[in-house]
Amino acid sequence: MLKKVWIGILLIFILSLADTATGQDVPSGKWWYNKNVVESLNLTQKEIRKLDQLYAKSHRKLIKLKNAVEREQFELDELLGEKTVDDAKVRKQFKRLESARTDLADERLGFVIGVRGIIGAERFQQLKTSYKKWR
């Protein structure tokens, strides 16, 4: 019974995080290759190169960090799947999972901050406003 309660709590928590993570106001992917965006924001070739470099650097880190989250989630699932649940071990593993998720979110935020640094505050706000309309 305790196992089912833990799994239920974790699922609710994970689902609530998904809403938070997708609540960003900027598009994902290489949006700077969209002709309309390039024209709307007056992006220069130099800025596009910088965005490409930032994307490549960040995406490499994101791949590793996503893998770390999956690994920690697997370990937590394994602990919760045991016949008897060791509360201390589960809590310790849960903290490791949350730390991995925090690292992932921090890298995503770092990318967004980097984009803002490349295109500037005014065009960043324009990008956010346009993205809300696209969704």
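## A guided look

Author: Let's start with one residue and its surroundings. Setting aside neighbours within four places in sequence, glutamate 47 is in contact with Asn42, Ile118 and Arg123. Keep in mind that this is a predicted model.

Reader: Where is glutamate 47 found, and is it buried or exposed?

Author: Glutamate 47 is found in helix H3. Its relative accessibility is 13%, and buried means under 20%, so glutamate 47 counts as buried. Its side chain also makes a polar contact, at 2.3 Å, with the side chain of arginine 123.

Reader: Let me zoom out. How many helices and strands are there in the protein?

Author: Four helices and zero strands. If you read along the sequence, the pattern is α-α-α-α. Of the 135 residues, 32% are buried.

Reader: What share of the contacts join residues at least 24 apart?

Author: Take the contacts between residues at least 6 apart in sequence: 72% of them join residues at least 24 apart.

Reader: Where is leucine 127 found, and is it buried or exposed?

Author: Leucine 127 is found in helix H4. It is buried, with a relative accessible area of 1%.

Reader: How should I read a core, and which residues have the most contacts inside the largest nonpolar core?

Author: In soluble globular proteins, nonpolar side chains tend to be buried together. Here the largest nonpolar core has 16 residues, and those with the most contacts inside it are Trp31, Trp32, Leu43, Leu51, Val115, Ile119 and Leu127. Helix H2 (35-41), helix H3 (45-80) and helix H4 (87-134) each supply at least two residues of this core. The largest share, seven residues, comes from H4.

Reader: Which residues is leucine 43 in contact with?

Author: Again leaving aside neighbours within four places in sequence, leucine 43 is in contact with Trp31, Trp32, Val38, Ile48, Leu51, Ile119 and Arg123. There is also a second, separate core of ten residues, including Leu62, Val69, Val90 and Leu104.

Reader: Now the rings. How many aromatic pairs does the count come to?

Author: A pair of aromatic rings is described by the distance of the centres and the angle of the planes. The count here comes to four aromatic pairs. One of them is edge-to-face: tryptophan 31 and tryptophan 32, at 5.2 Å centre to centre with 85° between the planes. Tryptophan 31 is buried, with a relative accessible area of 7%, and tryptophan 32 is buried too, at 0%.

Reader: Why is the pair of tryptophan 32 and tyrosine 33 tilted?

Author: Look at the angle. Their planes are at 40°, so the pair is tilted, with the ring centres 6.4 Å apart.

Definitions and conventions. Residues numbered from 1 in each chain as written. Predicted model: local features only at pLDDT ≥ 70, side-chain atom pairs only at ≥ 80, totals over all residues. Heavy atoms only, no water. Core = buried A, V, L, I, M, F, W, Y, C linked by side-chain atoms within 4.5 Å. Buried < 20%, exposed > 50% of the residue type's maximum accessible area, 1.4 Å probe, protein only. Contact = heavy atoms within 4.5 Å. Phe/Tyr/Trp six-rings, centres within 6.5 Å; stacked < 30°, edge-to-face > 60°. Polar contact = N/O pair within 3.5 Å; in protein donor to acceptor, adjacent residues only side chain to side chain.
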